[in-house]
Amino acid sequence: MSPARARTAAQRRRTKETDVQVKLALGGSGIARVTTGLPFLDHMLELMAVHGLMDLTVKASGDLEVDQHHTVEDLGLVLGRALDQALGERKGIVRFASLTVPMDECLVNVAIDLGGRPAFAYDLKPKQRIVGSFDTTLMPHLLESFAQTGRFTLHLTQLRGGNAHHLLEAAAKGLGRVIDAASRTDPRRAGRVPSSKGRIGA
């Protein structure tokens, strides 16, 4: 299996509450330029990009003085749309990937199916609600929004807990790795979609 040539996307969402811009290239070099107004979230997205070898630019501004919710949700929605655009028709991709990632005392499994059907399961339990300035209760909302508009199934399973930063860092690194692995092309498919139905999605 080999990584495909860089597949790129650009998406933007502007509302009265937020302005979110995302540029994404799969099969890139892992270069990340991320500004969301939430430094811990920036760090998590940078980890996803670096370990997923995707080039990622994110510029997000929102009404953080009200709550983090709007910015986090809209960021997930735009990330998903960018990934969906970059994947195109998803012909020839591996489609599935799963990885168990340690981060010091924490252990997290991340599994993905880029089969066009959005679903989400998450049972991470950070011991601290606030890490830096980030509200960790919004992490599942970010990832579910990502999966919905990205049209993929995502499962994150906590195998061993501990420090909240370590737990979420393992998840972010694992997410990048499985996106990279599942989006790679398998030459044995000769450009066919990876489905017995002959099509991706419902």
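Reply: The buried residues of helix 1 are Phe40, Leu41, Asp42, Met44, Leu45, Leu47, Met48, Ala49 and Gly52; buried means under 20% relative accessible area, exposed over 50%, and partly exposed in between, with a 1.4 Å probe and protein chains only. The model is predicted, so local features need pLDDT of at least 70 and side-chain atom pairs count only at pLDDT 80 or more, while totals for chains, interfaces and linings use all residues. Residues are numbered from 1 along each chain as its sequence is written, and side-chain values use heavy atoms, with hydrogens and water left out.

Helix 1 covers residues 39-52, which makes 14 residues. Helices here are DSSP runs (H or I, at least four residues), numbered from the N terminus. From its first C-alpha to its last, helix 1 reaches 20 Å, close to the 20 Å expected at 1.5 Å a residue; the expected span is 1.5 Å times one less than the number of residues. Just after helix 1, leucine 53 takes a positive phi of about 50°.

Turning to the aromatic side chains, the structure holds three aromatic pairs. In one of them, the rings of phenylalanine 120 and tyrosine 122 have centres 5.9 Å apart and planes at 25°, so this pair is stacked. Rings of Phe, Tyr and Trp (its six-membered ring) pair if their centres lie within 6.5 Å; planes under 30 degrees apart count as stacked, over 60 as edge-to-face and the rest as tilted. Phenylalanine 120 is partly exposed, at a relative accessible area of 21%, whereas tyrosine 122 is buried, at 19%.

Terms used:
Helices (H or I, at least four residues) and strands (E, at least two) are DSSP runs, numbered from the N terminus.
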